[in-house]
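Please look over the sequence and the fold shown here before reading on. The report that follows moves from single residues to the whole chain.

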Amino acid sequence: MPRRNLNDLLAFVTVAREGSFTKAAGTLGVTQSALSQAIRGLEEGLQIRLLTRTTRSVAPTSAGERLMKAIGYRFDEIEAELEALTELRDKPAGTVRITCGDHIMHSVLLPKLTPLLRDYPDIKLEFDMNYGFRDIVADRFDAGVRMGNTIDNDMIAVPIGPPLQMAVVASPGYFAVHPIPKTPADLTRHQCINQRMPTSGGLYVWDFEKRGRKVNVRVDGPLIFNTSAPQVDAALAGLGISLLPEDELMSHIESGRLVRVLQDWCPKFAGYHLYYPSKRQPSPAFSLVVKALRFDGSRAP
(Lines give C-alpha, C1' and ligand atoms only; values in the text may rest on other atoms or scores of the structure.)
Protein backbone atom coordinates (compact mmCIF):
# COMPACT_ATOMS: atom_id res chain seq x y z
CA MET A 1 0.00 0.00 0.00
CA PRO A 2 1.42 3.44 -0.89
CA ARG A 3 2.93 5.36 1.99
CA ARG A 4 0.55 8.22 1.41
CA ASN A 5 -2.23 6.04 2.83
CA LEU A 6 -0.62 5.69 6.27
CA ASN A 7 -2.47 8.81 7.44
CA ASP A 8 -5.70 7.29 6.13
CA LEU A 9 -5.01 4.10 8.12
CA LEU A 10 -4.35 6.13 11.25
CA ALA A 11 -7.61 7.99 10.63
CA PHE A 12 -9.48 4.69 10.34
CA VAL A 13 -7.93 3.24 13.52
CA THR A 14 -8.78 6.39 15.48
CA VAL A 15 -12.40 6.53 14.29
CA ALA A 16 -12.89 2.82 15.00
CA ARG A 17 -11.52 3.19 18.52
CA GLU A 18 -13.41 6.36 19.36
CA GLY A 19 -16.66 5.23 17.74
CA SER A 20 -17.19 8.79 16.61
CA PHE A 21 -15.94 11.05 13.83
CA THR A 22 -16.25 14.04 16.15
CA LYS A 23 -14.07 12.51 18.89
CA ALA A 24 -11.58 11.14 16.38
CA ALA A 25 -11.25 14.53 14.68
CA GLY A 26 -10.53 16.10 18.06
CA THR A 27 -7.93 13.46 18.86
CA LEU A 28 -6.14 13.87 15.52
CA GLY A 29 -6.55 17.64 15.34
CA VAL A 30 -8.27 17.65 11.95
CA THR A 31 -11.69 18.62 10.68
CA GLN A 32 -14.51 16.08 10.45
CA SER A 33 -14.79 16.67 6.72
CA ALA A 34 -11.08 15.90 6.21
CA LEU A 35 -11.47 12.78 8.34
CA SER A 36 -14.51 11.61 6.38
CA GLN A 37 -12.66 12.20 3.13
CA ALA A 38 -9.69 10.13 4.36
CA ILE A 39 -11.93 7.22 5.34
CA ARG A 40 -13.82 7.44 2.07
CA GLY A 41 -10.56 7.39 0.09
CA LEU A 42 -9.30 4.37 2.06
CA GLU A 43 -12.55 2.44 1.48
CA GLU A 44 -12.57 3.30 -2.21
CA GLY A 45 -8.95 2.22 -2.56
CA LEU A 46 -9.64 -1.11 -0.87
CA GLN A 47 -13.04 -1.41 -2.57
CA ILE A 48 -14.65 -2.53 0.71
CA ARG A 49 -16.59 -0.81 3.46
CA LEU A 50 -14.68 -0.58 6.73
CA LEU A 51 -17.11 1.38 8.91
CA THR A 52 -20.84 1.23 9.49
CA ARG A 53 -22.22 4.70 10.10
CA THR A 54 -25.47 5.54 11.90
CA THR A 55 -26.83 8.82 13.19
CA ARG A 56 -25.54 7.99 16.69
CA SER A 57 -22.42 5.90 16.32
CA VAL A 58 -19.74 4.47 14.08
CA ALA A 59 -18.60 0.85 14.26
CA PRO A 60 -16.21 -1.25 12.19
CA THR A 61 -17.61 -3.82 9.76
CA SER A 62 -16.24 -7.36 9.79
CA ALA A 63 -13.59 -6.21 7.33
CA GLY A 64 -12.88 -3.21 9.50
CA GLU A 65 -12.48 -5.40 12.59
CA ARG A 66 -10.03 -7.59 10.70
CA LEU A 67 -8.02 -4.56 9.65
CA MET A 68 -8.07 -3.21 13.23
CA LYS A 69 -6.65 -6.46 14.58
CA ALA A 70 -3.94 -6.40 11.92
CA ILE A 71 -2.72 -2.83 12.25
CA GLY A 72 -4.16 -1.20 15.38
CA TYR A 73 -1.48 -2.44 17.75
CA ARG A 74 1.25 -1.44 15.29
CA PHE A 75 0.37 2.23 15.68
CA ASP A 76 0.53 1.68 19.45
CA GLU A 77 4.00 0.19 19.06
CA ILE A 78 5.13 3.16 17.00
CA GLU A 79 3.75 5.57 19.58
CA ALA A 80 5.45 3.65 22.41
CA GLU A 81 8.79 3.73 20.58
CA LEU A 82 8.48 7.46 19.99
CA GLU A 83 7.75 7.92 23.69
CA ALA A 84 10.79 5.79 24.54
CA LEU A 85 13.02 8.12 22.54
CA THR A 86 12.46 10.76 25.20
CA GLU A 87 14.99 8.92 27.37
CA LEU A 88 17.64 10.41 25.09
CA ARG A 89 16.53 13.88 26.17
CA ASP A 90 17.81 15.64 29.26
CA LYS A 91 14.42 15.14 30.89
CA PRO A 92 11.67 12.59 30.07
CA ALA A 93 8.53 13.86 28.40
CA GLY A 94 5.17 12.58 27.24
CA THR A 95 1.60 12.02 28.40
CA VAL A 96 0.60 9.29 30.85
CA ARG A 97 -3.12 8.42 30.89
CA ILE A 98 -4.59 6.82 34.02
CA THR A 99 -8.16 5.74 34.75
CA CYS A 100 -9.16 5.72 38.43
CA GLY A 101 -11.77 6.73 41.00
CA ASP A 102 -11.91 10.28 42.29
CA HIS A 103 -11.05 9.43 45.92
CA ILE A 104 -7.79 7.66 45.13
CA MET A 105 -6.89 10.40 42.67
CA HIS A 106 -7.21 13.07 45.38
CA SER A 107 -5.81 11.03 48.27
CA VAL A 108 -2.88 9.22 46.65
CA LEU A 109 -2.17 9.97 43.01
CA LEU A 110 -2.09 13.78 43.05
CA PRO A 111 -0.10 14.08 46.32
CA LYS A 112 2.51 11.55 45.15
CA LEU A 113 2.74 12.85 41.58
CA THR A 114 2.88 16.58 42.36
CA PRO A 115 6.65 16.50 43.07
CA LEU A 116 7.17 14.54 39.85
CA LEU A 117 5.38 17.18 37.79
CA ARG A 118 7.52 19.89 39.37
CA ASP A 119 10.75 18.01 38.61
CA TYR A 120 9.72 16.99 35.07
CA PRO A 121 7.68 19.80 33.52
CA ASP A 122 7.53 18.03 30.14
CA ILE A 123 5.49 15.13 31.58
CA LYS A 124 1.72 15.45 31.31
CA LEU A 125 -0.85 13.41 33.25
CA GLU A 126 -4.40 12.75 32.08
CA PHE A 127 -6.89 11.26 34.56
CA ASP A 128 -10.10 9.52 33.56
CA MET A 129 -12.46 9.46 36.56
CA ASN A 130 -14.36 6.22 36.23
CA TYR A 131 -15.60 3.54 38.63
CA GLY A 132 -16.19 0.91 35.95
CA PHE A 133 -13.72 -1.81 35.02
CA ARG A 134 -12.26 -0.10 31.96
CA ASP A 135 -10.38 -2.11 29.35
CA ILE A 136 -7.19 -0.07 29.53
CA VAL A 137 -5.74 -1.75 26.43
CA ALA A 138 -8.76 -1.13 24.20
CA ASP A 139 -9.31 2.36 25.63
CA ARG A 140 -5.60 3.19 25.27
CA PHE A 141 -4.85 4.03 28.86
CA ASP A 142 -1.33 3.59 30.15
CA ALA A 143 -2.59 2.29 33.50
CA GLY A 144 -5.56 2.00 35.81
CA VAL A 145 -6.12 1.86 39.57
CA ARG A 146 -8.12 -0.90 41.26
CA MET A 147 -8.18 -2.91 44.42
CA GLY A 148 -5.52 -5.62 44.19
CA ASN A 149 -7.96 -8.52 44.31
CA THR A 150 -9.85 -7.34 41.22
CA ILE A 151 -6.94 -7.14 38.77
CA ASP A 152 -6.57 -9.67 35.95
CA ASN A 153 -3.61 -12.04 36.15
CA ASP A 154 -2.16 -10.88 32.83
CA MET A 155 -1.56 -7.40 34.24
CA ILE A 156 1.39 -6.07 36.22
CA ALA A 157 0.07 -4.83 39.59
CA VAL A 158 2.05 -2.34 41.67
CA PRO A 159 0.82 -1.51 45.20
CA ILE A 160 0.30 2.20 45.76
CA GLY A 161 -1.20 1.93 49.24
CA PRO A 162 -1.38 -0.40 52.26
CA PRO A 163 -3.82 -3.30 52.75
CA LEU A 164 -7.31 -2.08 53.61
CA GLN A 165 -10.50 -3.11 55.36
CA MET A 166 -14.03 -2.28 54.45
CA ALA A 167 -15.81 -0.20 57.09
CA VAL A 168 -19.48 -0.34 58.07
CA VAL A 169 -20.48 3.06 59.45
CA ALA A 170 -23.38 5.28 60.38
CA SER A 171 -23.75 8.55 62.26
CA PRO A 172 -24.18 8.68 66.05
CA GLY A 173 -27.63 10.16 65.41
CA TYR A 174 -28.66 7.15 63.33
CA PHE A 175 -27.56 4.69 66.02
CA ALA A 176 -29.32 6.77 68.65
CA VAL A 177 -32.65 5.58 67.21
CA HIS A 178 -31.59 2.26 65.63
CA PRO A 179 -29.92 -0.73 67.36
CA ILE A 180 -26.27 -1.33 66.56
CA PRO A 181 -25.96 -4.42 64.30
CA LYS A 182 -24.12 -7.31 65.96
CA THR A 183 -23.94 -9.58 62.89
CA PRO A 184 -24.13 -8.97 59.13
CA ALA A 185 -27.64 -10.48 59.08
CA ASP A 186 -28.84 -7.63 61.32
CA LEU A 187 -28.22 -5.23 58.44
CA THR A 188 -31.36 -6.47 56.67
CA ARG A 189 -33.37 -4.65 59.36
CA HIS A 190 -31.58 -1.34 58.79
CA GLN A 191 -31.70 1.49 56.29
CA CYS A 192 -28.57 0.98 54.22
CA ILE A 193 -26.99 3.12 51.52
CA ASN A 194 -26.67 1.09 48.33
CA GLN A 195 -24.21 1.37 45.47
CA ARG A 196 -25.02 0.68 41.82
CA MET A 197 -22.11 -1.16 40.19
CA PRO A 198 -21.03 0.67 37.03
CA THR A 199 -19.93 -2.44 35.14
CA SER A 200 -22.67 -4.98 35.92
CA GLY A 201 -25.45 -2.48 36.63
CA GLY A 202 -26.54 -4.45 39.70
CA LEU A 203 -26.46 -3.38 43.34
CA TYR A 204 -23.32 -4.12 45.31
CA VAL A 205 -23.73 -7.16 47.56
CA TRP A 206 -22.15 -6.57 50.96
CA ASP A 207 -19.78 -9.42 51.74
CA PHE A 208 -18.27 -10.29 55.12
CA GLU A 209 -15.97 -12.93 56.56
CA LYS A 210 -15.11 -14.05 60.08
CA ARG A 211 -12.95 -17.06 61.02
CA GLY A 212 -13.40 -18.56 57.56
CA ARG A 213 -17.16 -18.06 57.49
CA LYS A 214 -18.31 -15.95 54.55
CA VAL A 215 -21.64 -14.10 54.53
CA ASN A 216 -23.23 -12.12 51.70
CA VAL A 217 -25.99 -9.65 52.52
CA ARG A 218 -28.31 -7.83 50.13
CA VAL A 219 -29.20 -4.63 51.93
CA ASP A 220 -32.04 -2.20 51.33
CA GLY A 221 -32.56 1.47 51.97
CA PRO A 222 -33.76 4.81 50.63
CA LEU A 223 -30.63 5.78 48.71
CA ILE A 224 -28.63 4.35 45.79
CA PHE A 225 -25.47 6.00 44.40
CA ASN A 226 -22.91 5.03 41.78
CA THR A 227 -19.93 6.78 43.43
CA SER A 228 -18.60 6.85 46.96
CA ALA A 229 -18.53 10.56 47.88
CA PRO A 230 -22.33 10.98 48.20
CA GLN A 231 -22.49 7.77 50.24
CA VAL A 232 -20.19 9.37 52.80
CA ASP A 233 -22.33 12.52 52.82
CA ALA A 234 -25.50 10.48 53.30
CA ALA A 235 -24.00 8.54 56.21
CA LEU A 236 -22.87 11.78 57.85
CA ALA A 237 -26.41 13.13 57.47
CA GLY A 238 -27.80 10.14 59.39
CA LEU A 239 -29.64 8.66 56.41
CA GLY A 240 -28.41 5.11 56.87
CA ILE A 241 -25.51 2.67 57.14
CA SER A 242 -22.74 2.74 54.55
CA LEU A 243 -20.06 0.22 53.53
CA LEU A 244 -16.93 1.66 51.95
CA PRO A 245 -13.14 1.21 52.06
CA GLU A 246 -11.92 2.49 55.42
CA ASP A 247 -9.56 5.07 53.94
CA GLU A 248 -12.56 7.00 52.62
CA LEU A 249 -14.11 7.12 56.08
CA MET A 250 -11.24 7.17 58.57
CA SER A 251 -11.14 10.91 59.21
CA HIS A 252 -14.85 10.87 60.07
CA ILE A 253 -14.45 7.76 62.25
CA GLU A 254 -11.57 9.28 64.18
CA SER A 255 -13.46 12.54 64.72
CA GLY A 256 -16.56 10.72 65.97
CA ARG A 257 -18.79 11.93 63.15
CA LEU A 258 -19.24 8.30 62.09
CA VAL A 259 -19.44 5.16 64.24
CA ARG A 260 -17.81 1.97 62.95
CA VAL A 261 -19.48 -1.41 63.53
CA LEU A 262 -18.92 -5.05 62.52
CA GLN A 263 -15.18 -4.47 62.19
CA ASP A 264 -14.44 -8.07 63.16
CA TRP A 265 -16.45 -9.17 60.10
CA CYS A 266 -14.29 -7.12 57.71
CA PRO A 267 -10.96 -8.84 56.92
CA LYS A 268 -8.04 -6.99 55.39
CA PHE A 269 -7.53 -7.23 51.64
CA ALA A 270 -5.08 -6.01 49.03
CA GLY A 271 -5.37 -2.24 48.78
CA TYR A 272 -5.10 0.04 45.78
CA HIS A 273 -2.81 -1.04 42.97
CA LEU A 274 -1.68 0.59 39.76
CA TYR A 275 -2.00 -1.95 36.96
CA TYR A 276 -0.84 -2.01 33.35
CA PRO A 277 -0.31 -4.57 30.55
CA SER A 278 2.60 -6.92 31.06
CA LYS A 279 3.46 -6.72 27.35
CA ARG A 280 3.75 -2.95 27.33
CA GLN A 281 7.21 -1.41 26.96
CA PRO A 282 7.07 1.42 29.51
CA SER A 283 8.22 4.87 28.47
CA PRO A 284 10.65 6.78 30.72
CA ALA A 285 7.80 9.06 31.78
CA PHE A 286 5.60 6.11 32.71
CA SER A 287 8.44 4.45 34.63
CA LEU A 288 8.85 7.61 36.70
CA VAL A 289 5.11 7.62 37.45
CA VAL A 290 5.25 4.00 38.65
CA LYS A 291 8.28 4.73 40.82
CA ALA A 292 6.59 7.76 42.38
CA LEU A 293 3.38 5.85 43.17
CA ARG A 294 4.86 2.58 44.45
CA PHE A 295 4.03 1.84 48.09
CA ASP A 296 7.18 0.71 49.88
CA GLY A 297 5.47 -0.85 52.87
CA SER A 298 4.00 -3.74 50.85
CA ARG A 299 4.87 -5.97 47.93
CA ALA A 300 2.80 -6.66 44.84
CA PRO A 301 0.86 -9.96 44.94
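Is Leu262 buried or exposed? With a relative accessibility of 6%, Leu262 counts as buried, where buried means under 20% relative accessible area, exposed means over 50%, and partly exposed lies in between, all judged with a 1.4 Å probe and with protein chains only. The model is a predicted one, in which local features need a pLDDT of at least 70 and side-chain atom pairs count only at pLDDT 80 or more, whereas totals for chains, interfaces and linings use all residues. Residues are numbered from 1 along each chain as its sequence is written, and side-chain values use heavy atoms, with hydrogens and water left out.

**Two residues with positive phi**

Leu262 has a phi near 55 degrees, which is a positive value in a residue other than glycine, and it sits in the loop between E13 and strand E14 (272-277). Arg211 also is not a glycine and has a positive phi, of about 50 degrees; the loop that holds Arg211 runs between strand E9 (206-210) and strand E10 (213-217). The table sets the two residues side by side.

| Residue | Phi | Relative accessibility |
|---|---|---|
| Leu262 | near 55 degrees | 6%, buried |
| Arg211 | about 50 degrees | 79%, exposed |

**A sheet of three strands**

Strands E12, E7 and E13, in that order, form an open sheet of 3 strands with antiparallel pairing, and two strands are said to pair if DSSP finds at least two bridges between them. At the edges are strand E12 (242-245) and strand E13 (259-261), each of which pairs on one side only. From one strand to the next the twist averages 45 degrees.

Strand E7 (residues 166-170) is joined to E12 by 4 bridges in the antiparallel sense, and Ala167 has Leu244 of E12 as its bridge partner. E7 and E13 also run antiparallel, joined by 3 bridges, and here Val169 stands opposite Arg260 of E13. In a regular strand the side chains alternate between the two faces of the sheet.

**Nonpolar cores**

A nonpolar core is a set of buried Ala, Val, Leu, Ile, Met, Phe, Trp, Tyr and Cys residues joined through side-chain atoms within 4.5 Å. The largest such core has 45 residues, and those with the most contacts inside it are Leu109, Val145, Ile160, Val168, Leu187 and Ile241. Contact means heavy atoms within 4.5 Å. If neighbours within four places in sequence are left aside, Leu109 is in contact with Ile98, Cys100, Ile104, Phe127, Val145, Ile160 and Leu293. Another core, of 21 residues, lies apart from the largest one and includes Ala11, Leu35, Ala38 and Leu51.

**Helices**

Helix H9 (residues 284-293) is mostly covered, with 7 of its 10 residues buried; among them are Phe286, Leu288 and Leu293.

Helix H1 (residues 6-18) and helix H3 (residues 32-46) pack at an angle of about 110 degrees, and their axes are 9 Å apart. H1 is therefore roughly perpendicular to H3, a label given to angles of 65 to 115 degrees. On the H1 side the contact is made by Asp8, Leu9, Ala11, Phe12 and Val15, and on the H3 side by Leu35, Ala38, Ile39 and Leu42.

Gly72 belongs to helix H4 (residues 62-84) and counts as buried at 1% relative accessibility. Not counting residues up to four places away in sequence, Gly72 touches Val13, Arg17 and Leu67. The C-alpha atoms of Gly72 and Ala16 are separated by 9.6 Å, although the two residues are 56 residues apart along the chain.

**The whole protein**

The protein has 9 helices and 14 strands, and buried residues make up 43% of its 301 residues. Its C-alpha atoms fill a box of roughly 75 × 50 × 35 Å, taken along the principal axes.

Key:
Axes fitted to C-alpha atoms, helices over the stretch in contact; angles between N-to-C directions. Parallel < 35°, antiparallel > 145°, perpendicular 65-115°, else oblique.
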